[in-house]
Amino acid sequence: MNAPAPTVPRYYESLDFPELWKEFPTASEYQDGVARMPAAELRALQERRFLAQVQRAWQIPFYQRHWSQAGLKPQHIRSLSDLAAIPPFSVHDLRDALARNPPWGDFMGIDPDRDPPMPLVMQTSGGTTGLPRPMLYSPRDREVMNILTGRRLHMQGVRPYDLVQVMLSLGLSNGGFLAREGIWKYTGAVPVMTGTGAVTPTRRQIEIMQTWKTTQLVAFPAYLRHIGLLLRDELHIDPRSLGIKGLIVHLGVDDREELEALWGAPVYDTYGTNECGSLAADCSERTGMHIFEDAFVLEIADPDTLRPVADGERGVILQTTLFKHFAPLIRFNSNDISSIVPGHCPCGGTHRRLSCIFGRADNMVKLRGTNVFPEAIGALVAEHPSSNGEYLCIVDQDATGRDHMTVLVETDLGGRERETMAAQLADRFKEALGVKLAVTTVAPGELDARTGLSSASKVRRLIDNRPKDKR
């Protein structure tokens, strides 16, 4: 008599791993193969995977509704060349989809009352602009994301038996756990999951990296700068003496050279999102982040018209995945601002490169006709020799309806020197940004509770106190 089929799904029976690794090669196999694929061959690979994603999307209520409302029909999309005919969507559409049936929504492509069970993982966005957005991953989705994480870490110098200290959030948000899975499964290195300062206090983080001889650090630049300055200025330990081999970050517009000089280690930039993991990463040349173009098609579009811009010009990133089953992304407007680096990387890779993430279009503040990005303010703050780089932008509206921004900046100066610094920064902001901003100086560490520097993965740099309908 045959035993009944198990009702509880088993993760390792849900995938054909050798076939998946052929489809999405790992680490050095990727760098020596797909990463150097000729353009025509790569385009053909993208075509096949794109059409499969579109076919899957037509089975999902979200796309049925979104595309049909725009007059799109299945026969309209016959190749990757038709991508521009597909209407983009944004985080607002995702939130609307989730509100229909939280946390499943009608975007995930699964019905728990009807579909057979399978092993699922749920993680969320960082929640810096609202309630965290949940995202479910099928075994295939998650394992491809793990492969991509392992790829980029290998590109950034992580090797077997390295100790990689991950100082990202270990809560609902995706970054920390995805890093752990990628390190553990696809690098041969050992993840040291200390989490943020809220989980492992900063001085204990330092004790661990000193005693265990951590080789790489994974964190946001602001926290690495905070740790480095604590080591140097309070503990009187040269951060360079720790022998860190690499700093793996989401760099944005932070000063790479300053961080490298502080730690005596190369900084590697990465672009990733909750919805699909690592999309692009620096290689050893650090001339731009290589897009994993066997897994994604990325477009750079004008923020207002969503029309394509030329290589080298800035625009928002429209993401299209080439591997997701549960919740494929097809022309998702991430609101992240970047540009394509013209030409080819000296490493020999043929995939296109992103320059960096300059900021978010939905984090932009319009002050008296001028677009102001907190990230641009941060870069100017970091220039000042008396600043430790920590800042917070606060936007208010007065009784007349006029918008004002105040920039709080940390410094250890006192008395008139503080006043002089504030005046210098106000002049610098006016010169560089074309708009007058108020500047208030505060003591080192005073902003921590409001920015979340030592307690959260994503540091908060903007507080907008205006009525929502006036932003």
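**Helix packing and the sheet**

Guide: Helices H8 and H9 are roughly perpendicular to each other (65 to 115 degrees counts as such). This is a predicted model, where local features need pLDDT of at least 70, side-chain atom pairs count only at pLDDT 80 or more, and totals for chains, interfaces and linings use all residues. Residues are numbered from 1 along each chain as its sequence is written, and side-chain values use heavy atoms, leaving out hydrogens and water.

Visitor: At what angle do H8 and H9 pack, and how far apart are their axes?

Guide: Two packed helices are described by the angle between their axes and the distance between the axes. Axes are lines fitted to C-alpha atoms, for helices over the stretch in contact, and angles run from 0 to 180 degrees between N-to-C directions. For H8 (residues 202–211) and H9 (residues 221–234), the angle is about 80 degrees and the axes are 11 Å apart. Helices (H or I, at least four residues) and strands (E, at least two) are DSSP runs, numbered from the N terminus.

Visitor: Which strands stand at the edges of the sheet?

Guide: Strands pair if DSSP finds at least two bridges between them. Here the order is S4-S3-S5-S6-S7-S8-S9-S13, an open sheet of eight strands with mixed pairing. S4 (190–192) and S13 (353–354) are at the edges with a single partner strand each, so one side of each has no neighbour in the sheet.

Visitor: How many bridges join S8 to S9?

Guide: Two, and the strands, S8 (residues 277–281) and S9 (residues 289–291), run antiparallel. Ala 280 is opposite Ile 291 in S9.

Terms used: Parallel < 35°, antiparallel > 145°, perpendicular 65-115°, else oblique.
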